[in-house]
Amino acid sequence: MALSVSSLASTFSQLALPSTSAPHPPPILRLLPSPRRAARLVLLAASAADAPEPVEAPAVDDEGPEEVLAVEAEEDALVGLALRKYVKQRLPGGFAAQRITATGRRKTASARVVLQEGSGKVFINFRDAKEYLQGNPMWMEYCKVPLATLGFENNYDVFVKVQGGGLSGQAQAICLGVARALLKISPANRVPLRSEGLLTRDTRIVERKKAGLRKARKRPQFSKR
């Protein structure tokens with residue numbers, strides 16, 4: 001059956017689509033208080049009112065790593081200054097003004113040694129011997145071998161001013177200086193020190209480099225062609 005144009009127009013006019021020009025406002029959501037939520041709020045308010053007031057903890061100064069290192073450096077500096085002051089008090093007038101003094105040498109190291117009655121402490125360049133010699137037991141033993149040979153390791157304090165060379169050569173120079181200083185205390189100490197070889201100056205030094213060689217005696221590799 002054929003439809004007329006007027007019937008089609010009336011049919012489309014009845015199908016009205018919503019316009020998109022004016023957007024609809026979003027719906028408003030309102031939370032209505034439920035009886036359970038209201039009761040819970042009342043209980044929380046009552047517990048907060050009955051709870052004791054919080055006690056503030058004492059403020060703790062959180063020092064950073066940089067501040068801690070700065071404090072430790074200041075303490076070490078104070079210890080060093082105090083030790084230097086103590087050594088100067090024990091040596092009025094300096095090393096040259098002391099009564100029991102001697103000089104020891106090894107390689108290129110030279111050590112001026114002063115002995116004083118004490119408890120066996122050793123100070124090198126205004127520092128503790130263990131700290132100066134980096135805790136090396138062999139080097140520390142060199143400083144006390146002459147005293148231990150005579151049984152005086154706990155009777156004298158050793159004050160040393162050393163320069164030149166390395167720590168090994170300086171330790172051996174201190175050994176010779178202590179042995180020579182013990183001779184000024186009593187000439188009878190010469191026999192036991194001489195028998196142990198502590199009064200002999202070790203003259204061995206590094207041989208100098210020669211021209212045309214890589215070291216003192218090491219030559220370049222020979223090439224025939």
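Q: Helices are DSSP runs of H or I with at least four residues, numbered from the N terminus. In this predicted model, in the loop between which two helices is Gln134 found?
A: Gln134 is not a glycine, yet its phi is positive, at about 60 degrees. Most residues other than glycine have a negative phi. The loop that holds Gln134 lies between helix 4 (129-132) and helix 5 (137-150).

Q: Is Gln134 buried or exposed?
A: A residue counts as exposed when its relative accessible area is over 50%. Gln134 has a relative accessible area of 63%, so it is classed as exposed.

Q: Which residue in the hairpin of strand 1 and strand 2 takes a positive phi?
A: Strand 1 (residues 101-106) and strand 2 (residues 109-117) run antiparallel and are joined by six bridges. One of the pairings sets Thr101 against Val114 in strand 2. Two residues lie between the strands of this hairpin, and a positive phi near 55 degrees is taken by Lys107.

Q: How many helices and how many strands does the chain have?
A: From the N terminus on, the elements run α-α-α-β-β-β-β-α-α-β-α-α. The count for the chain is seven helices and five strands.

Q: Which element gives the largest share of the largest nonpolar core?
A: This core has 31 residues, and those with the most contacts inside it are Leu115, Ile124, Val158, Val160 and Leu193. Two or more residues each come from strand 2, strand 3, helix 4, helix 5, strand 5 (156-163) and helix 6 (167-185). The largest share, nine residues, comes from helix 6.

Q: Which residues is Ile124 in contact with, leaving aside its neighbours within four places in sequence?
A: Ile124 is among the residues with the most contacts inside the largest nonpolar core. With those neighbours left aside, the contacts of Ile124 are Ala129, Tyr132, Leu133, Cys143, Val160, Val162 and Ile174.

Q: What percentage of the residues of the chain count as buried?
A: The accessible surface of the chain comes to about 17,400 Å², and carbon and sulfur atoms account for 58% of this area. A residue is buried when its relative accessible area is under 20%. Of the 225 residues, the share that counts as buried is 24%.

Key: Residues are numbered from 1 along each chain as its sequence is written. This is a predicted model: local features need pLDDT of at least 70, side-chain atom pairs count only at pLDDT 80 or more; totals for chains, interfaces and linings use all residues. Side-chain values use heavy atoms; hydrogens and water are left out. Two strands pair if DSSP finds at least two bridges between them. Buried means under 20% relative accessible area, exposed over 50%, partly exposed in between (1.4 Å probe, protein chains only). Accessible areas come from the Shrake-Rupley method with a 1.4 Å probe; for residues, only the protein chains shown count as cover. A nonpolar core is a set of buried Ala, Val, Leu, Ile, Met, Phe, Trp, Tyr and Cys residues joined through side-chain atoms within 4.5 Å. Contact means heavy atoms within 4.5 Å.
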